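This note is intended for a colleague meeting the structure for the first time. Please read the numbered points below alongside the sequence and the model.

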Amino acid sequence: MERSIGLCRWESELGSSWRFRPPKINDDSRGLTCMDSRLSGFYKGSPAERQQALIDAGVEPETVESLRGGKLGVDGADAVSENVVGTLEYPIGIATNFQIDGEDTLVPMAVEETSVVAAASFGARMARGTGGFTTDVSGPIMIAQIQATDVPTPHHAKSTVLDAADDLIELANEQDPVLVEHGGGCENVQVRVIDTPRGEMLITHLIVDVRDAMGGNAVNTMAEALAPEIEELTGGDVSLRILSNLADRRLARATCTVKPDALETEDVELSGEEIRDGIVDAWAFAAGDPYRAATHNKGIMNGIDAVATATFNDWRAIEAGAHAYAAQDGYGPLTTYEVDADGRLACSIELPIQVGTVGGATRLQPTAEAALELLDVDSADELAGVFAAVGLAQNFAGLRALVSEGIQRGHMSLHAKNIAIQAGAPDDLVDEVAARMVAEEAVRQDRAEELIDELSE
């Protein structure tokens with residue numbers, strides 16, 4: 001998959017506490033010096049320093065300004081939703097270290113859960129030594145379903161609908177000439193007879209290439225237009241005509257490999273090989289037990305939902321499709337972990353990703369539009385590949401923590417800061433209060449209040 005050239009920057013130093021020096025990638029043909037998403041020390045800066053670092057890296061100042069949020073406003077929100085009385089802001093963090101299909105990518109993530117952005121960044125860092133992530137997307141294909149009930153002869157009607165497929169496709173494509181002009185449109189008609197608690201039903205599927213849109217409105221409009229034709233062809237009554245979020249023709253895949261030594265940690269006396277094998281065993285646990293698989297997949301969606309929120313894509317549709325896909329043969333994990341011939345951890349993910357870069361609400365939200373600009377993707381397929389890579393990075397970083405130091409170690413240090421702030425710690429005491437609580441294994445508001453009093457004397 002081709003990707004456009006990455007971000008370009010001027011090298012700079014920010015403050016005395018950390019240095020922003022991503023390695024240089026020279027492109028003499030364009031006269032550019034392009035940055036590496038490694039961004040060493042990025043997490044140590046203040047929000048203002050990180051914003052300046054993005055500008056120094058070549059991100060447009062207007063994009064960085066929009067990423068600061070607060071641009072939608074109540075009036076803008078009223079155009080997006082109903083009964084609006086206000087807005088709710090999410091933190092937007094930047095996941096660093098990602099190499100996706102040979103290009104470095106900074107990934108915006110909007111999420112309130114502690115450690116999600118850090119885990120994604122760390123997962124991407126572990127994959128960098130072996131080339132990062134490779135992605136593959138099956139294409140922007142969505143399915144619309146038309147439900148016909150009380151069909152007198154459903155199996156005969158199935159053949160009748162299929163015989164009329166060319167005419168149905170033509171009628172469907174008349175509903176969206178712009179989509180067809182851009183190379184998309186209804187490509188096929190499929191028909192199923194399904195047995196339900198209310199008897200047999202005839203279900204017609206429209207297979208639609210939605211190009212760079214998420215496609216919900218396009219396929220729903222086509223299904224509505226075809227409803228009278230289906231009724232006439234089948235002799236039944238058409239009820240539902242709506243897209244399916246089990247977008248199993250719109251799959252995104254990502255793979256990477258990780259060397260055992262990249263998995264090692266100074267805090268745990270386990271070899272990289274032991275951690276690698278522990279990750280494979282953790283995946284096998286999820287493959288054999290839906291109780292574990294649910295939490296395994298939640299870890300994947302931590303990352304994917306955060307990117308969807310940042311870009312104003314429909315995380316609910318992605319969640320529905322992912323879990324339905326995971327449940328097709330009995331609920332299981334969306335990722336796979338193996339050991340390759342070189343002893344490396346071989347990681348892969350496959351799931352439906354229904355996202356868009358045009359249409360929808362993304363362009364109505366300035367912050368979301370800036371997030372999409374930061375990703376620098378040229379198509380919905382390319383964006384779906386980013387989502388898959390982030391989900392994979394999120395998952396194996398979480399598994400590594402689980403089988404080594406435990407998931408709470410990193411999570412609790414961030415959680416402790418939240419507790420310290422909630423307890424009223426002044427800015428200059430937050431880190432110390434948090435560190436003391438973690439060291440004492442007493443991350444509680446009452447202990448935070450005691451420490452604030454003690455340290456303030």
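1. Leaving out residues up to four places away in sequence, Phe396 touches Gly123, Met126, Ala127, Phe133, Cys256, Val258, Ile279, Tyr337 and Cys347, where contact means heavy atoms within 4.5 Å.

2. Some conventions apply throughout. The model is predicted, so local features need pLDDT of at least 70 and side-chain atom pairs count only at pLDDT 80 or more, while totals for chains, interfaces and linings use all residues. Residues are numbered from 1 along each chain as its sequence is written, and side-chain values use heavy atoms, with hydrogens and water left out.

3. Phe396 belongs to the largest nonpolar core, which has 57 residues. A nonpolar core is a set of buried Ala, Val, Leu, Ile, Met, Phe, Trp, Tyr and Cys residues joined through side-chain atoms within 4.5 Å; buried means under 20% relative accessible area, exposed over 50%, and partly exposed in between, with a 1.4 Å probe and protein chains only. The residues with the most contacts inside this core are Phe98, Met109, Phe133 and Phe396. Helix α13 (residues 380–403) supplies the largest share of the core, twelve residues. Helices (H or I, at least four residues) and strands (E, at least two) are DSSP runs, numbered from the N terminus.

4. In what order do the strands of the open four-stranded sheet run? The order is β7-β8-β6-β9, with antiparallel pairing; two strands pair if DSSP finds at least two bridges between them. β7 (185–196) and β9 (237–244) are the edge strands, each with a single partner, so one side of each has no neighbour in the sheet. Neighbouring strands here are turned by 20° against each other on average, direction ignored.

5. Within this sheet, β7 and β8 (residues 199–209) pair in the antiparallel sense over eleven bridges. Opposite Ile194 stands Met201 in β8. Helix α5 (residues 154–163) packs on the sheet, where α5 touches β7 and β8, and the direction of α5 makes about 180° with that of β7. Axes are lines fitted to C-alpha atoms, for helices over the stretch in contact, and angles run from 0 to 180 degrees between N-to-C directions.

6. Thr196 is found in β7 and is buried, with a relative accessible area of 18%. The Thr196 side chain reaches the backbone nitrogen of Arg198 at 3.0 Å and the backbone oxygen of Gly199 at 2.7 Å.

7. Strands β11 (residues 335–339) and β12 (residues 345–352) pair in the antiparallel sense over five bridges, and the bridge partner of Glu338 in β12 is Ala346. Five residues lie between the strands of this hairpin, in which Gly343 takes a positive phi near 80°.

8. How many salt bridges are found in the whole structure? The search finds 16, a salt bridge being a side-chain nitrogen of Lys or Arg within 4 Å of a carboxyl oxygen of Asp or Glu. One of them joins Glu65 to Arg68, with the closest N and O atoms 3.2 Å apart; Glu65 is partly exposed at 33% relative accessibility, and Arg68 is exposed at 53%. Another joins Arg276 and Asp277 at 2.9 Å between the closest N and O atoms, with Arg276 buried at 11% and Asp277 partly exposed at 33%.

9. Arg436 and Glu454 form a further salt bridge, the closest N and O atoms being 3.0 Å apart. This pair links distant parts of the chain, 18 residues apart, with Arg436 in helix α15 (residues 430–440) and Glu454 in helix α16 (residues 445–456). Both are partly exposed, Arg436 at 25% and Glu454 at 39%. Salt bridges with shared partners join Arg436, Glu440, Arg447, Glu450 and Glu454 into one network.

10. Met437 also lies in α15 and is buried, at 0% relative accessible area. Setting aside neighbours within four places in sequence, the contacts of Met437 are Ala416, Ile419, Ala420, Ala442, Val443, Arg444, Arg447, Ala448 and Leu451. Met437 and Met412 are 25 residues apart in sequence and 9.5 Å apart in space, C-alpha to C-alpha.

Notes: A polar contact is a pair of N or O atoms within 3.5 Å; within protein, one must be able to donate a hydrogen and the other to accept it, and residues adjacent in sequence count only if both atoms are side-chain atoms.
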